[in-house]
Amino acid sequence: MVYSLYSNTTLGNTHQESLDELIQSQQITPQLALQVLFQFDKAINSTLDQRVRNRVHSRPILKGSLNMYRFCNNVWTFVLNDVEFREETELIKVNKVKIVACDNKNTGSNTTE
């Protein structure tokens, strides 16, 4: 299953706007734009999966106050306030973090190659 969570990020929105401009100027078809978006989602998911696997050698620590959580369609969503990320000697503090966690296993349904 390929999740399109990153389509609503700044990068994803800019990507969509660029594709819309190419469609409007008739440089690509809407079908090609959909294929490009699918490949974008697939590449982002794959890249993040690999980077997370490569970085989990040390145990990062996450502290914060749980504001909201939800589980829907095998997707967990957590919103945390006053969050601290610690990894070895690095400390990052932020006011709010949204974590979206999805099952990365292919179930055979909703997958398109």
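User: Let's start with R86. How exposed is R86?

Analyst: R86 is partly exposed, with a relative accessible area of 38%. Keep in mind that this is a predicted model.

User: Which residue forms a salt bridge with R86?

Analyst: That is E84. The closest N and O atoms of the pair are 3.2 Å apart.

User: And what distance separates the closest N and O atoms of E84 and K93?

Analyst: They are 3.8 Å apart. E84 and K93 form a salt bridge. That pair counts because the cut-off is 4 Å.

User: Is K93 buried or exposed?

Analyst: K93 is exposed. Its relative accessible area is 59%.

User: Which residues do the shared partners join into one network?

Analyst: E84, R86 and K93. The salt bridges share partners, and that links the three residues into one network.

User: How many salt bridges turn up in the whole structure?

Analyst: Two, from a search of the whole structure.

User: New topic. What elements does the protein chain have?

Analyst: Two helices and three strands. From the N terminus on, the order is α-α-β-β-β.

User: How much of the chain is buried?

Analyst: The protein chain has 113 residues, and 15% of them count as buried.

User: What about the accessible surface?

Analyst: For the protein chain it comes to about 9100 Å². Carbon and sulfur atoms account for 51% of that surface.

User: Last one. What share of the contacts joins residues at least 24 apart?

Analyst: 40%, taken among contacts in the protein chain between residues at least 6 apart in sequence.

Definitions and conventions. Residues are numbered from 1 along each chain as its sequence is written. This is a predicted model: local features need pLDDT of at least 70, side-chain atom pairs count only at pLDDT 80 or more; totals for chains, interfaces and linings use all residues. Side-chain values use heavy atoms; hydrogens and water are left out. A salt bridge is a side-chain nitrogen of Lys or Arg within 4 Å of a carboxyl oxygen of Asp or Glu. Buried means under 20% relative accessible area, exposed over 50%, partly exposed in between (1.4 Å probe, protein chains only). Helices (H or I, at least four residues) and strands (E, at least two) are DSSP runs, numbered from the N terminus. Contact means heavy atoms within 4.5 Å. Accessible areas come from the Shrake-Rupley method with a 1.4 Å probe; for residues, only the protein chains shown count as cover.
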